[in-house]
Amino acid sequence: MDLIDQLRIFIKVANSGGFTPAAAQLDMPRPTVSLAIQRLEARLGTRLLHRTTRCVRLTRDGQSLLARADTLVSDADELEQLFHTHSATIEGHLRVDAPSRIARRIIAPALPDFFAQYPKVSLELGASDRAVDLVREGVDCALRVGQVTPNNLMLRPLGQLTLVNCASPAYLARFGIPRAPADLVHHQAVHYASGSGGVEPWEWQHSGKTHTQTMAGQVTVNNAESYIACALAGLGLIQVPAFDVHDHLAKGELIAVLKNWQAPAMPIQLVYPHHRHPSRRLQAFNNWLAAQVMPLTASGEQ
């Protein structure tokens, strides 16, 4: 095992906080990971990790190495692919994460096209509405909707998702159709719990300003699938990207309301850990994924 391979393993151990999660991410036996770190420490003549029964943490020398190792590994990967121009030479494994609805409705159905272009790339697709820690969980890139705090992440904006207010016919038959924000006090919403644990308020724009209101409601969810399912079940009003409910609106299963008081559009972006040179397989996937997502932002529908 050469130095670059040892550094690649060291980065995974340092970022994941242990040998076991690093081994899982690298698809290696745990003893192989442990031995690689031992040999790297012997090679450099210093201890890189403090080991405990629960986790590992970096020594001061380990912190110094981590600050440079990521760049060295990225440069090595880029150098190895420098003169490979055909898509068939792009290979390796990627771990990506996307919101559940987009993963199921947009990404998964289009993956045969990606693999036809890049047959030597394998993909692990996570579908979650929580903001995963890309570095700690070993994720190469993620698609995120809403405002993102960079925190050592590179951002690639893809556009804005238009939101629509809607509810089921059964709900509107029971509570009436809201005609203006003042009517919301007589209505219920399906509550959406953000990643921070708080419930998102109802929002709308008027005269260039964003207004919010706390809504009554009996159910709180933490993912888009359940959010839309509760609306279809007649449990309240929702605010959701228009492409997510396009089919339901077309079939009359949901009805758009308060069309003059829409919530601000939500930014959608690709995020990935900060590297000077993202690998060619990551660049290829990011470009492909951007092409799948950007049509959603053009008209707000799919």
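The following questions and answers concern a predicted model of one protein chain.

Trainee: How many helices and strands are there in the protein chain?
Mentor: The chain has 302 residues, of which 43% count as buried. Its C-alpha trace spans about 75 × 45 × 35 Å along the principal axes. The secondary structure comes to nine helices and 14 strands.

Trainee: Which term describes helix 1 relative to helix 2: parallel, antiparallel, perpendicular or oblique?
Mentor: Two packed helices are described by the angle between their axes and the distance between the axes. The axes of helix 1 (residues 3–16) and helix 2 (residues 19–26) come within 8 Å and cross at roughly 125 degrees. Perpendicular covers 65 to 115 degrees and antiparallel begins over 145. That angle therefore makes helix 1, relative to helix 2, oblique.

Trainee: Is the crossing of helix 1 and helix 2 left-handed or right-handed, and which residues of helix 2 make the contact?
Mentor: The crossing of these two helices is right-handed. Helix 1 contributes Ile-9, Lys-12, Val-13 and Ser-16 to the contact. The residues on both sides divide into six nonpolar, two polar and one charged. From helix 2 come Phe-19, Pro-21, Ala-22, Gln-25 and Leu-26.

Trainee: How are helix 2 and helix 3 placed relative to each other, oblique or perpendicular?
Mentor: The axes of helix 2 and helix 3 (residues 30–44) come within 8 Å and cross at roughly 110 degrees. The range for perpendicular is 65 to 115 degrees. The two helices are therefore roughly perpendicular.

Trainee: Which residues of helix 3 make the contact with helix 2?
Mentor: On the helix 2 side the contact is made by Phe-19, Thr-20, Ala-23 and Leu-26. The residues of this contact divide into five nonpolar, two polar and one charged. On the helix 3 side they are Arg-30, Val-33, Ser-34 and Ile-37.

Trainee: Is Leu-158 buried or exposed?
Mentor: Leu-158 lies in strand 6 (residues 153–161). Beyond its neighbours within four places in sequence, Leu-158 contacts Leu-143, Ile-268, Gln-269, Leu-270, Ala-290, Val-293, Met-294 and Thr-297. Because its relative accessibility is 5%, Leu-158 counts as buried.

Trainee: With which residues is Asn-286 in contact, leaving aside its neighbours within four places in sequence?
Mentor: Asn-286 lies in helix 9 (residues 280–299). At 5% relative accessibility, Asn-286 counts as buried. Its contacts are Cys-141, Arg-156, Leu-270 and Tyr-272.

Trainee: Is Ser-207 buried or exposed?
Mentor: Ser-207 sits in the loop between strand 9 (202–206) and strand 10 (209–213). Its phi is positive, about 55 degrees, although Ser-207 is not a glycine. With 66% relative accessibility against a cut-off of over 50%, Ser-207 counts as exposed.

Trainee: Is Leu-258 buried or exposed?
Mentor: Leu-258 is in the loop between strand 13 (255–257) and strand 14 (266–273). Phi of Leu-258 is also positive, near 50 degrees. Since the relative accessibility is 6%, Leu-258 counts as buried.

Notes
Residues numbered from 1 in each chain as written. Predicted model: local features only at pLDDT ≥ 70, side-chain atom pairs only at ≥ 80, totals over all residues. Heavy atoms only, no water. Axes fitted to C-alpha atoms, helices over the stretch in contact; angles between N-to-C directions. Helix = DSSP H or I, 4+ residues; strand = E, 2+ residues; numbered from the N terminus. Parallel < 35°, antiparallel > 145°, perpendicular 65-115°, else oblique. Left-handed = near helix turned anticlockwise from the far one by under 90°. Contact = heavy atoms within 4.5 Å. Nonpolar A, V, L, I, M, F, W, Y, C, P; charged D, E, K, R; others polar. Buried < 20%, exposed > 50% of the residue type's maximum accessible area, 1.4 Å probe, protein only.
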